[in-house]
Amino acid sequence: MRTAICLFTRDLRVHDNPVLQHAAQADRVVPLFVLDEAVLRRSAPNRTAFLLDCLRDLRGSLRELGAGLVLRAGAPATEVARLVDEVGATEVHVAADVSAYAQVRENSLRQALNDCALLVHDAVVTAQPPGHLAPSGKDHFAVFTPYFRRWSATPLRPIAATPEALRMPRMRTGKLPTREELCPGELSPDLPPGGETAGRDLVQRWYAEGVADYGDLDGGTTSRLSPYLHFGCVSPIELIDQAGDSEPERAFVRQLAWRDFHHQVLAARPAAGHRDYRPRGDRWREDPEAFQAWCEGRTGIPIVDAGMRQLATEGWMHNRTRMIAASFLAKTLHLDWRLGAQHFLNLLVDGDIANNNMNWQWMAGTGTDTRPNRVLNPTRQAQRYDPEGTYIRRHLPELADLPTRALHNPNHMDPEQREARGYPPPIVDVAEANAHFRTARDQRSSSATR
């Protein structure tokens with residue numbers, strides 16, 4: 001009698017899950033999630049709280065299929081090997097992933113399992129497997145546009161069927177910890193609910209009601225699906241399969257391609273999660289007070305502060321303001337992008353190394369951007385993407401009654417009005433700082449080519 005272990009990682013769903021589909025072909029299947037204590041100690045409380053929601057929902061879905069979710073705490077390789085011996089498993093199924101942690105986990109599993117087969121499934125976390133698409137003679141695409149052309153022309157794997165039923169041996173499944181037990185830190189007050197059920201409901205509403213208005217900050221909508229993609233509550237392949245051919249839907253699918261792009265860069269260059277992908281010789285400033293003001297949304301630049309306040313409140317931030325806030329930290333304040341990336345990871349429900357840190361490198365000009373010296377002017381960004389000031393007013397309520405002109409450009413804000421509302425003056429002259437950044441980068445580029 002074949003017994004398979006389905007090791008869930010970042011694929012917390014029963015729909016379109018090749019890991020579960022293949023494990024279910026055995027006579028018996030044991031769904032397993034290992035709470036890695038080493039990871040949980042470093043995990044942001046917001047992500048841990050969302051994870052617990054996901055596990056609770058996954059457990060319910062597996063029960064409907066006649067099984068359950070076995071929970072163990074400890075090092076994944078140790079706990080999996082112990083369970084293999086306990087149930088007599090002959091195979092362990094797991095999703096491929098790209099982070100350094102995932103690679104260490106996979107190697108540890110191979111060493112620990114001995115006679116038990118480890119079957120690693122591609123295209124579970126991403127739509128296209130990292131490394132599957134590459135230019136001739138190279139191991140990854142370093143520029144998005146040619147990657148997107150290849151990505152768009154490459155067929156996706158078939159959608160995996162959801163098992164009709166699962167047969168699981170009788171065994172102790174373990175207790176799911178509470179938020180209080182695993183999230184001792186303070187949580188953002190407006191976190192989204194986690195889990196496949198919530199994610200699939202959101203997908204249905206997105207395609208039925210939201211995607212037609214897909215846009216930026218002022219009046220446009222965004223899917224807010226990134227946390228569910230991060231934890232694998234929804235399938236990127238199902239999202240692409242359900243998309244139509246309208247311009248907003250094509251733009252949305254392009255964002256899914258960006259997600260795959262960053263994963264394949266990190267898979268080929270794991271050190272890029274923390275080291276400059278393309279070093280520019282930057283000498284980052286040290287300014288703890290400026291960094292703290294940025295973290296707290298107290299820079300005196302309304303569009304930047306609105307984004308940072310949204311992050312603190314929701315554990316999520318609109319992609320446009322992620323870009324604006326990142327450019328402001330790295331290129332206007334000239335602070336190390338790693339500081340900003342870590343602060344985002346400390347709060348983001350969707351935070352992962354591939355998308356968060358590679359996007360930070362892109363904005364800092366040390367990543368894959370073909371125009372590394374570009375700087376986002378926050379005033380122009382606010383005027384273009386929040387023309388009525390709707391987003392700023394939503395997240396900076398103390399400024400809600402001010403004219404839009406003042407929200408876009410703090411130089412048009414009356415000092416007495418600012419002081420009366422407890423809002424700080426700008427911590428930096430944006431135009432001067434941006435010009436200094438460009439000059440310094442240009443000088444280093446000129447020196448490097450001599």
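User: Why is threonine 366 counted as buried?

Analyst: In this predicted model, where local features need pLDDT of at least 70, side-chain atom pairs count only at pLDDT 80 or more, and totals for chains, interfaces and linings use all residues, the relative accessibility of threonine 366 is 0%. Buried means under 20% relative accessible area, exposed means over 50%, and partly exposed lies in between, with a 1.4 Å probe and protein chains only. The value of 0% is under the cut-off, so threonine 366 counts as buried. Residues are numbered from 1 along each chain as its sequence is written, and side-chain values use heavy atoms, with hydrogens and water left out.

User: Where is threonine 366, and what does it touch?

Analyst: Threonine 366 sits in the loop between H16 and helix H17 (378-385). Helices are DSSP runs of H or I with at least four residues, strands are runs of E with at least two, and both are numbered from the N terminus. Not counting residues up to four places away in sequence, threonine 366 touches Asp276, Tyr277, Arg278, Arg280, Asp282, Trp337, Gln361 and Arg441. Contact means heavy atoms within 4.5 Å.

User: What makes H14 and H16 oblique to each other?

Analyst: The axes of helix H14 (residues 319-332) and helix H16 (residues 353-364) cross at roughly 60° and come within 9 Å. Axes are lines fitted to C-alpha atoms, for helices over the stretch in contact, and angles run from 0 to 180 degrees between N-to-C directions. Angles under 35 degrees count as roughly parallel, over 145 as roughly antiparallel, 65 to 115 as roughly perpendicular, and the rest as oblique. An angle of roughly 60° falls in the rest, so H14 and H16 are oblique. Residues of H14, including Met323 and Leu329, meet residues of H16, including Trp360 and Met363.

User: At what angle do H15 and H16 pack, and which residues meet?

Analyst: Helix H15 (residues 337-347) packs against H16 at about 150°, with the axes 10 Å apart. Among the H15 residues in this packing are Trp337 and Phe344, and among those of H16 are Asn356 and Gln361.

User: How do you know that asparagine 46 is buried?

Analyst: Asparagine 46, in helix H3 (residues 45-64), has 2% relative accessibility, which is under the cut-off for buried, so the word applies. A polar atom of the asparagine 46 side chain lies 2.8 Å from the backbone oxygen of leucine 347. Residues touched by asparagine 46 include Leu187, Gly315 and Val349.

User: Is alanine 123 buried or exposed?

Analyst: Alanine 123 is buried, because its relative accessible area of 8% is under the cut-off. Alanine 123 lies in the loop between strand E5 (117-121) and H6, and has a positive phi of about 55°.

Key
Polar contact = N/O pair within 3.5 Å; in protein donor to acceptor, adjacent residues only side chain to side chain.
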